Amino acid sequence: MKNGNSKRVFVSFSGGKDSHLSLFKAKQVGFQVEALLTMLSDQGDFTAGHRLSLPFLRRQAEAMGIPLFYEHASWGDYEKHFLRMLSRLREMGIEGGIFGDIDLWPHREWVEKVCAETGLTPYLPLWGKERL
């Protein structure tokens, strides 16, 4: 059931199940998902966490009809690059971000901090749900 929420958002997208599920949940309640944001390793065209390749992520984005935005970063400069991408999305009219976090407080605090710095609203549709 939709709640009439028509905010323009991006999804923090790793290509994994949590980012897909959070995207699905966001669309269920009416968010306009206008971008996928992926951070790639500074060692190549793959995600640091899942090691999914950029061509694979592009195929996922294309299948969903959602533009993919990405940037390379090391763990040391990750936040700087992530903030730059958030600012770019904000300039495009994006109002918030969807994150697939479930229960890691330090990550939630970081998400809230970087979103606040760029004037975006974070949404965590999986927060507090049971891990399956």
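Throughout these views, buried means under 20% relative accessible area, exposed means over 50%, and partly exposed is anything in between, using a 1.4 Å probe and protein chains only.

**View 1. The whole predicted model, from end to end.** This is a predicted model, where local features need pLDDT of at least 70, side-chain atom pairs count only at pLDDT 80 or more, and totals for chains, interfaces and linings use all residues. Residues are numbered from 1 along each chain as its sequence is written, and side-chain values use heavy atoms, leaving out hydrogens and water. You can trace 4 helices and 5 strands here (DSSP runs numbered from the N terminus: H or I of at least four residues for helices, E of at least two for strands). Along the sequence they follow the pattern β-α-β-α-β-α-β-α-β. The radius of gyration, taken over C-alpha atoms, is 14 Å, close to the 14 Å that the globule rule (2.2 Å times the number of residues to the power 0.38) gives for 132 residues, so the protein is as compact as a globular protein of that length. Of the 132 residues, 45% count as buried.

**View 2. Confidence across the elements.** The predictor's confidence in each residue is its pLDDT, from 0 to 100. The protein's mean pLDDT is 93, with 96% of residues reaching 70 or more. Among the elements, α1 has the lowest mean, 95, and strand β4 (residues 96–98) the highest, 98.

**View 3. A look into the largest pocket.** A pocket here is an open set of points on a 1 Å grid over the protein atoms alone, with protein on both sides within 12 Å along at least five of seven lines; lining residues have an atom within 4 Å of a point. The largest pocket holds about 730 Å³ of space. Of its 30 lining residues, Ser12, Ser14, His50, Tyr78 and His107 are the closest to its centre. At least two lining residues come from each of α1 (17–28), β2 (32–41), α3 (78–91) and α4 (105–118), and β2 gives the largest share, with 5 residues.

View 4. Find proline 67 in the loop between α2 (54–64) and β3 (68–73). Is proline 67 buried or partly exposed? Proline 67 counts as partly exposed because its relative accessibility is 42%. Leaving aside residues up to four places away in sequence, proline 67 touches Glu34, Ala35 and Leu36, where contact means heavy atoms within 4.5 Å. Valine 111 lies 44 residues from proline 67 in sequence and 21 Å away in space, C-alpha to C-alpha.

Conventions
1 Å grid on protein atoms, 1.4 Å probe; cavity = no way out; pocket = protein on both sides within 12 Å on 5 of 7 lines; lining within 4 Å. Points joined across faces, edges and corners; volume = space filled by probe spheres on them.
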